[in-house]
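Work through the exercises below with the structure open beside you. Try each task before you read its solution.

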Amino acid sequence: MCGRFTLTADPADLQEAFYWVNFGNASITPRYNIAPTQGVAVVPNNGQNTLDFFTWGLVPSWAKDPSIGSRMINARSETLAEKPSFRTAYKRRRCLILADGFYEWTQNPGEKAKTPMLIRMKDGKPFAFAGLWEDWQSPDGSQILSTTIITTQPNRLLAPIHNRMPVILPAEAYPDWLAIGEVPASRLDPLLQPYDPDLMEAFPVSRMVNSPKNDQPECIRPV
């Protein structure tokens, strides 16, 4: 799974990486320890190519209680077309979730404790997770726009660390992923592949990332 990630890039670098996205007046501040139920930067496939902020944790339109979102922060790529919670969004509501790193925890041999690892691109540049989004309307008329990160099998860099990894989309896949309207799974499934491990790096970081209260530069420093 992917339960924490980062978005620390300078807004100018983000705009350069996603030059076709309208950032508008979005206030982007460095985030070193993004956790579920918090707001995350997304580009939904609504035809506007505009940056927005959605709640991390998918709340399906049919949900009676929005608290279900805290249990739906990830969606397995292998079952997207089958699961009632994800299949409609997979066809119609996809998004990019902007990031520049993510954390996984690896088991220490002979210990109960786990070591947090930061995984990012070797060049340090931002990237995008493949995500799904939903628009939940409450009985009182309020709205929750929410999202989930799609996961897949790990590449050879991640395999010793964790048995899943988030789907990171290459830039050439963005147009297909953000296509408007209903798209068949046969066109989308090939995009959900483990990312090239030769472009990535992983290293241990402080256990302070275990608490979402800690959101500071020390979280991403190698130890």
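The exercises go from the whole chain to single residues and pairs.

This is a predicted model, in which local features need pLDDT of at least 70, side-chain atom pairs count only at pLDDT 80 or more, and totals for chains, interfaces and linings use all residues. Residues are numbered from 1 along each chain as its sequence is written, and side-chain values use heavy atoms, with hydrogens and water left out.

**Exercise 1. The whole chain**

Step 1. Take the secondary structure. Helices (H or I, at least four residues) and strands (E, at least two) are DSSP runs, numbered from the N terminus. The chain has four helices and 12 strands.

Step 2. Compare the radius of gyration with the globule rule. The radius is taken over C-alpha atoms, and the rule is 2.2 Å times the number of residues to the power 0.38. The chain comes out at 17 Å, close to the 17 Å that the rule gives for 223 residues, so it is as compact as a globular protein of that length.

Step 3. Along the principal axes, the C-alpha atoms fill roughly 50 × 35 × 35 Å.

Step 4. Look at burial and surface. Buried means under 20% relative accessible area, exposed over 50%, and partly exposed in between (1.4 Å probe, protein chains only). Of the 223 residues, 48% are buried. The chain exposes about 10600 Å², and carbon and sulfur atoms supply 50% of that area. Accessible areas come from the Shrake-Rupley method with a 1.4 Å probe; for residues, only the protein chains shown count as cover.

Step 5. Check the contacts (heavy atoms within 4.5 Å). Among those between residues at least 6 apart in sequence, 69% join residues at least 24 apart.

**Exercise 2. The surroundings of Thr 147**

Task: Is Thr 147 buried or exposed, and what does Thr 147 touch?

Step 1. Thr 147 sits in strand E10, residues 143-152.

Step 2. Read its accessibility. The value is 0%, so Thr 147 is buried.

Step 3. List its neighbours. Leaving out residues up to four places away in sequence, Thr 147 touches several residues, including Phe 54, Trp 56, Met 72, Cys 95, Leu 132 and Trp 133.

Step 4. The side chain of Thr 147 reaches the backbone oxygen of Leu 132 at 2.8 Å.

**Exercise 3. Salt bridges**

Task: How many salt bridges are there, and which parts of the chain does the pair of Glu 134 and Arg 93 tie together?

Step 1. Apply the rule: a side-chain nitrogen of Lys or Arg within 4 Å of a carboxyl oxygen of Asp or Glu. The count is eight.

Step 2. Take Glu 134 and Arg 93. Their closest N and O atoms are 3.2 Å apart. Glu 134 lies in strand E9 (127-137) and Arg 93 in the loop between helix H2 (87-92) and strand E6 (94-99), so the pair ties together parts 41 residues apart in sequence. Glu 134 is buried at 5%. Arg 93 is buried too, at 18%.

Step 3. Turn to Glu 201 and Arg 120. This salt bridge has its closest N and O atoms 2.8 Å apart. It links strand E12 (200-204), which holds Glu 201, with strand E8 (114-121), which holds Arg 120; the two residues are 81 apart. Glu 201 is partly exposed at 23%, and Arg 120 is partly exposed at 28%.

**Exercise 4. Aromatic pairs**

Task: How many aromatic pairs does a search of the whole structure find?

Step 1. State the rule. Rings of Phe, Tyr and Trp (its six-membered ring) pair if their centres lie within 6.5 Å; planes under 30 degrees apart count as stacked, over 60 as edge-to-face and the rest as tilted. The search finds 10 pairs.

Step 2. Classify Phe 54 and Trp 133. The ring centres are 5.8 Å apart and the planes stand at 55°, so this pair is tilted. Phe 54 in strand E4 (52-56) and Trp 133 in strand E9 are 79 residues apart. Phe 54 is buried at 3%, and Trp 133 is buried at 13%.

Step 3. Classify Phe 102 and Phe 129. At 6.0 Å centre to centre and 70° between the planes, they are edge-to-face. Both are buried.

Step 4. Find the cluster. Phe 5, Trp 56, Phe 102, Phe 127 and Phe 129 form one aromatic cluster.

Note on methods
A polar contact is a pair of N or O atoms within 3.5 Å; within protein, one must be able to donate a hydrogen and the other to accept it, and residues adjacent in sequence count only if both atoms are side-chain atoms.
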